[in-house]
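I opened this model to look up a sheet, a helix pair and a chain contact. My notes follow in the order in which I went through them.

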Amino acid sequence: MSTLRQKEAPALPKNPDATAKTPVWRHSHILDVDDFSPQEIELVFSTTDAMKEVLSRPIKKVPALRGKTIVTLFYEPSTRTRISFELAAKNLSADTVHLSTSASSVTKGESLIDSLSTLQALGANVVVIRHSQSGAPYLAARYLEASIVNAGDGWHAHPTQALLDLYTIREHKGKIKGLKVVIIGDILHSRVAHSNIWSLTTMGAAVTLCAPPTLLPAGLGHEQKHFPKVSLEPDIERAVESADAVMTLRLQRERQQSGLLPSLREYVQLYQLNESRLARAKPDALVLHPGPVNEGIEISPGVAHGPQSVIDQQVANGVAVRMALLYLLVGGKSI
Amino acid sequence: MTKKTVMTPEDMRRTLARIAHEIIERNKVLGHLVLVGMHTRGVPLAERLAANIASYESLSIPVGALDISLYRDDLASLELKPIVQRSDIPVSIDGKSVVLVDDVLYTGRSIRAAMDALMDFGRPRDIQLAVLIDRGHRELPVRADYIGKNIPSSRDEEIQVQLEETDGVDEVTIIYAPAPKEAP
């Protein structure tokens, strides 16, 4: 039985005052980037710039979140995202607790709400959640006083990954607006792709999707009310033509077993990002991948480790972006 | 609300000239000096002091910028969280004499935060403090080594420092606004 009461869904304040000198940060949770304004994303970028400077110091620790407790609650395996959040929290002097579901009461059948209720009672200020069910972090945000950060929910969203991808692109290109960004691979099941589509289009990039029709969400390409405007190009060579950035997605092998792909070999033939295909993009085009990389499947080893690859920088920037987000969430007013 | 100018552009120029001379006088070995301006208005002030020192002694002094948002002791109680800006300390401060530069010295809490921040960059030989305005009301045992102007003020008054680089004009004004009751 849960001791938690469902909270009234707190509506975001409408119309952030764009003329105010201080950009308005409206979020008490980070569930997805679909409700981020361009000003808020810019604020994340500028705060990340400051955090990167902190990471370049001999002592990479600042006292901003002293006394705050940050829990990482992962119902799915993860290495880089969890470690990245943990380092980010520690660099800001917060205390971190990791709850892995295999070593907790979850194996005894404890429900998500009950686990959250326990974390609340223990005084967590931020709960970072990864869950295989889309929407789980939204449920958590309705029940918990703490700030919720979505570290990936099902096929739905992975906002912090998208923001670090955008930050990495901006770091190299100086801007996002007007760039052509191509996302190749399993768009349908990719929370990274969804959050990237939202935030890239918010910042004014032109997004092109390239995937087998079975791995694309239904109805894309038509005018959609609840999805940003994107272009579809099933032919990879045409898709990457004069692109500024190319993002490939991890192909889960289950997709072939479930009949969505005839064979891995066919996928490699038609959709792998390799040297000759990348050559059609702009000469200074960036190659991104959210990791973990299946070398030889969605990306050739030469491209993954080539001079245009920023995959390692994505990981490094992840810590700085997550520091910025944690600061923006709980660095100001106490909750 | 009343507004009174307490420093004109000409006053400010002379004041910064005097402080630059005082820094030269106090620090025998100018080669060990680093000026560090505190965001936002301390930074252009530090640059102007460095330019003055360079013109009197033909020696260029490194200038850094320091953001203290992440070190503030009131972070948890602020209504609006401060925008974090990028710190930039161009040289190692180990064994150096660091002159912190800020526009207004008030409670002393920002200076405490700035000293904590500096210590994370290294171990300076000593830290000195230069401010354009000292308005009193200290809450911590902090004093400035170089003061542009002492302005005894009441807590109801606001001291507004404006600089060419950030605000388009060089001016210091006192604004008296008896604690307005904010509409809920």
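This is a predicted model: local features need pLDDT of at least 70, side-chain atom pairs count only at pLDDT 80 or more; totals for chains, interfaces and linings use all residues.

**Sheet in chain B**

I read three strands in the order β1-β8-β7, with antiparallel pairing. I noted β1 (2-7) and β7 (157-162) of chain B as the edge strands, each of which pairs on one side only. From one strand to the next, I found a twist that averages 25 degrees.

I then looked up the pairing of β7(B) with β8 (residues 171-176) of chain B, which is antiparallel and runs over six bridges. For B:Glu157, I found the bridge partner B:Tyr176 in β8(B).

**Helix pair in chain A**

Next I turned to α5 (residues 159-173) and α12 (residues 311-330) of chain A, which pack at an angle of about 115 degrees.

From α5(A), I listed A:Thr160, A:Leu163, A:Leu164, A:Asp165, A:Tyr167 and A:Thr168. These meet A:Gln313, A:Gln314, A:Asn317, A:Gly318, A:Val321, A:Arg322 and A:Leu325 in α12(A). I sorted the residues of this contact into five nonpolar, six polar and two charged.

**Contact between the chains**

Last, I looked at where chain A touches chain B: the contact takes 15 residues from chain A and 17 residues from chain B.

Definitions and conventions. Residues are numbered from 1 along each chain as its sequence is written. Chains are lettered from A and ligands numbered from 1 in the order in which they are written. Two strands pair if DSSP finds at least two bridges between them. Helices (H or I, at least four residues) and strands (E, at least two) are DSSP runs, numbered from the N terminus. Axes are lines fitted to C-alpha atoms, for helices over the stretch in contact, and angles run from 0 to 180 degrees between N-to-C directions. Two residues are in contact if their C-beta atoms, placed from the backbone, lie within 7 Å. Ala, Val, Leu, Ile, Met, Phe, Trp, Tyr, Cys and Pro count as nonpolar, Asp, Glu, Lys and Arg as charged, and the others, Gly among them, as polar.
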